[in-house]
Amino acid sequence: MQYSAKVMDHFLNPRNVGELPEADGVGEVGNAKCGDIMKIYLKIQDEMIQDVKFNTFGCGAAIATSSMATELIKGKRVEEAMKLSNKAVVEALDGLPPVKLHCSVLAEEAVRAAVQDYYTRNGRSLPPELERGCSGFCDQCGKAD
C-alpha cells in the first residue's frame with residue numbers, strides 16, 4: 001500500500017494532538033469493522049474555531065486524516081467546519097488508497113459530531129442548510145465515486 005508524502009508527514013508528525021479540557025464541542029466516532037476511533041475537541045469563540053485537538057486510535061491513515069481535518073477547520077467559522085467533506089480531506093492529503101477511504105469518512109464524521117455537540121450544549125439546533133447525509137465517497141454502501 002502506497003501513501004502520499006503528505007499522508008506520511010501527518011502520520012509521523014500529526015498536528016493538534018491532545019485534548020481540550022474546556023472544549024465547547026466534542027465528537028467521537030468509530031468504525032467497528034477496522035477498529036479506528038477518533039475524538040475531536042473544539043474550542044469556539046464567536047462562532048470561530050479557536051483551537052482544535054484530536055485523539056485517534058487507529059492506523060496511520062486514521063491518524064493522518066484526523067490531523068489534516070483539524071488543520072482544515074482551525075480558525076474557520078463553525079458553519080465552514082460543518083461543510084468539511086471527507087473528499088476535501090483526501091484531496092488535501094494528495095489521496096488515500098481505496099481501502100483507507102473510510103478513515104477520511106471518520107474524520108468528517110468526528111468534526112461534524114463535535115460541531116453538533118457544540119450546538120446541543122448551547123441549546124441550539126443545527127441549521128437545516130448544514131444538515132447533510134452521506135457524501136458517497138467511501139466504499140461502505142456501494143455509492144462510492
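Buried means a relative accessible area under 20%, exposed means over 50%, and partly exposed is in between, using a 1.4 Å probe and protein chains only. With that in hand, let's look around. The structure above is a predicted model, where local features need pLDDT of at least 70, side-chain atom pairs count only at pLDDT 80 or more, and totals for chains, interfaces and linings use all residues. Residues are numbered from 1 along each chain as its sequence is written, and side-chain values use heavy atoms, with hydrogens and water left out.

**The big picture**

- The protein chain has five helices and three strands; helices (H or I, at least four residues) and strands (E, at least two) are DSSP runs, numbered from the N terminus.
- Of the 145 residues in the protein chain, 48% are buried.
- The accessible surface of the protein chain is about 7,200 Å², and 50% of that belongs to carbon and sulfur atoms; such areas come from the Shrake-Rupley method with a 1.4 Å probe, and for residues only the protein chains shown count as cover.
- Take the contacts (heavy atoms within 4.5 Å) between residues at least 6 apart in sequence: 62% of them join residues at least 24 apart.

- Three strands make an open sheet in the order 1-2-3, with antiparallel pairing; two strands pair if DSSP finds at least two bridges between them.
- Strand 1 (25–31) and strand 3 (48–57) are at the edges with a single partner strand each, so one side of each has no neighbour in the sheet.
- On average, neighbouring strands of this sheet are turned by 15° against each other, direction ignored; axes are lines fitted to C-alpha atoms, for helices over the stretch in contact, and angles run from 0 to 180 degrees between N-to-C directions.
- Strand 1 pairs with strand 2 (residues 36–45) in the antiparallel sense over seven bridges.
- Along that pairing, Gly25 stands opposite Leu42 in strand 2, and Gly30 stands opposite Ile37 in strand 2.
- Strand 2 and strand 3 pair over nine bridges, also in the antiparallel sense, and here Lys43 stands opposite Asp51 in strand 3.

**Turns and phi angles**

- Strand 1 and strand 2 form a hairpin with four residues between them, and Gly35 in the turn has a positive phi of about 90°.
- The hairpin of strand 2 and strand 3 has two residues between the strands.
- Asp46 sits in the loop between strand 2 and strand 3, and its phi is near 50°, a positive value in a residue other than glycine.
- At 64% relative accessibility, Asp46 counts as exposed.
- Asp94, in the loop between helix 4 and helix 5, is not a glycine either, yet has a positive phi of about 60°.
- For context, most residues other than glycine have a negative phi.

**Helices against the sheet**

- Helix 2 (residues 60–73) lies across strand 2 and strand 3, and runs at about 175° to strand 3.
- Helix 5 (residues 101–121) packs on the sheet, where it touches strand 1 and strand 2; its direction makes about 145° with that of strand 1.

**Salt bridges**

- The count comes to eight salt bridges, each being a side-chain nitrogen of Lys or Arg within 4 Å of a carboxyl oxygen of Asp or Glu.
- One of them joins the side chains of Lys6 and Asp94 (3.9 Å, N to O).
- That pair links distant parts of the chain, as Lys6 is in helix 1 and Asp94 is 88 residues away in the loop between helix 4 (86–92) and helix 5.
- Asp9 forms a salt bridge with Arg15, with the closest N and O atoms 2.6 Å apart; Asp9 is partly exposed at 30%, and Arg15 is partly exposed at 24%.
- Glu28 forms a salt bridge with Lys39, where the closest N and O atoms are 3.8 Å apart.
- Glu28 is in strand 1 and Lys39 in strand 2, eleven residues apart.
- Lys39 counts as partly exposed because its relative accessibility is 27%.
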